[in-house]
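Me: I would like to learn how to read a structure like this one. Please take me through it feature by feature.

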Amino acid sequence: MDEIEVEAVDSLDPGVVGGTAEYVLYGGKGGVGKTTMAAATGLASANEGTSTLVVSTDPAHSLSDTLEFDVPSRPARVREDSPLWAVEIDPDDALSQAGMFGQDGGFAGGLEELLGGAGGGDGAMMPGADEAAAVQLLLEYMDDDRFDRVVVDTAPTGHTLRLLELPEVLDSMVGRMMQLRDRFGGMMDGLSGMFGQGDGDEEQAGFGDLDAVEERVERLRDVLTDPTRTDFRVVLVPEEMSVLEAQRLTDRLDEFGVPVGTVVVNRVMEPLADAADVPGDAFVAPNHEDCEFCARRWDVQQAALADAQELFREYDVARVPLLADEVRGERPLRVVAACLN
């Protein structure tokens, strides 16, 4: 960025992106810019004085690059002068902490055999174990008194939908385990270590955490479906396939009762001044008149934008222009946040 661009960025007032929501989640297909949006939202929130945690649940983390900070697998403060925290959930690390799973991703304490080999056997990871473990950590962060807002950069669409299905999946698992407890009672005392406790001598030591798991499942469902607490934002790029996938995601989210407040169209080839309050000549803009490539791409994008505007007319639609420079660090993230506000 040159001098005029720096001045324009420093004068931006993005406000609190995400409004008053406690939890802001960004979802969409891979490569559409979810990490950028989450980082920009977290930065704007923290700059307003709200203690904010940005969480990446995407196995292919890029939050560190976006924030220009080595984000660890435990929440760490990004800057001393702003209450911004960040964490990249590591699936292996999450599994090692998840009491209901063994360290290989199967059920702990022999429970797998009782449930008919649900973990796959032979050391295979139980399907969804990594997502379940990540959700367990995510819930811990949501309950952390240090943070007033949690912004989540979710994994690509397929992983996100599996994450959203987890309450039902875990509910079914817990239900089966509860049935075993009720059916066999004291015969199950020998499984006291299946949740990683290992030091109990009563049935409750073996099964007591079942109630806690069921409570967490219900709490996750309650949080995700509460529009006063959660704002799920779908990110796409102005291309036909991306618009269609975003439509499928919003439809599925609606089925789960997850409130979608905003659809973000990223990398739009239009002047930044059309989306944020900056001087028209402050940033490099695509030249649709003299650049044939720009003109043809703009034609493609306009068709996709028209489709998006029609399909998502019940949502707020935010447009984030394609910037000439890579979005890394605070200054370009402030620009993105201004477009989201």
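This is a predicted model: local features need pLDDT of at least 70, side-chain atom pairs count only at pLDDT 80 or more; totals for chains, interfaces and linings use all residues.

Me: What percentage of the residues is buried?

Reply: Of the 341 residues in the protein, 51% are buried.

Me: Which secondary structure elements does the protein have, and how many?

Reply: There are 11 helices and eight strands. For contacts between residues at least 6 apart in sequence, 74% join residues at least 24 apart.

Me: How do I read a pair of helices, say helix 9 and helix 10: at what angle do their axes cross?

Reply: Start with the distance and angle of the axes. Those of helix 9 (residues 240-256) and helix 10 (residues 292-311) come within 9 Å and cross at roughly 15°. Angles under 35 degrees count as roughly parallel, so helix 9 is roughly parallel to helix 10. The crossing of the two helices is right-handed.

Me: Which residues make the contact between helix 9 and helix 10?

Reply: Helix 9 contributes Glu240, Val243 and Gln247, while helix 10 contributes Ala304, Asp307, Ala308 and Leu311. Sorted by class, this contact has four nonpolar, one polar and two charged residues.

Me: What should I know about phi when I look at a backbone?

Reply: Most residues other than glycine have a negative phi.

Me: What is phi of Glu68, and where is Glu68 found?

Reply: Phi of Glu68 is near 55°, a positive value in a residue other than glycine. Glu68 is found in the loop between helix 3 (63-67) and strand 3 (76-79). With a relative accessible area of 54%, Glu68 is exposed.

Me: And where is Arg267, which also has a positive phi?

Reply: Arg267 is found in strand 7 (residues 260-268). Its phi is about 65°, although Arg267 is not a glycine. Arg267 counts as partly exposed, at 34% relative accessibility.

Me: Is Thr57 buried or exposed?

Reply: The cut-off for buried is under 20% relative accessible area. Thr57 has 13% relative accessibility, so Thr57 counts as buried. Thr57 is found in the loop between strand 2 (52-56) and helix 3.

Me: Which residues does Thr57 touch, leaving out those up to four places away in sequence?

Reply: With those left out, Thr57 touches Ile89, Val152, Asp153, Thr154 and Ala155.

How values were computed: Residues are numbered from 1 along each chain as its sequence is written. Side-chain values use heavy atoms; hydrogens and water are left out. Axes are lines fitted to C-alpha atoms, for helices over the stretch in contact, and angles run from 0 to 180 degrees between N-to-C directions. Helices (H or I, at least four residues) and strands (E, at least two) are DSSP runs, numbered from the N terminus. Angles under 35 degrees count as roughly parallel, over 145 as roughly antiparallel, 65 to 115 as roughly perpendicular and the rest as oblique. A crossing is left-handed if the near helix is turned anticlockwise from the far one by less than a right angle, and right-handed if clockwise. Contact means heavy atoms within 4.5 Å. Ala, Val, Leu, Ile, Met, Phe, Trp, Tyr, Cys and Pro count as nonpolar, Asp, Glu, Lys and Arg as charged, and the others, Gly among them, as polar. Buried means under 20% relative accessible area, exposed over 50%, partly exposed in between (1.4 Å probe, protein chains only).
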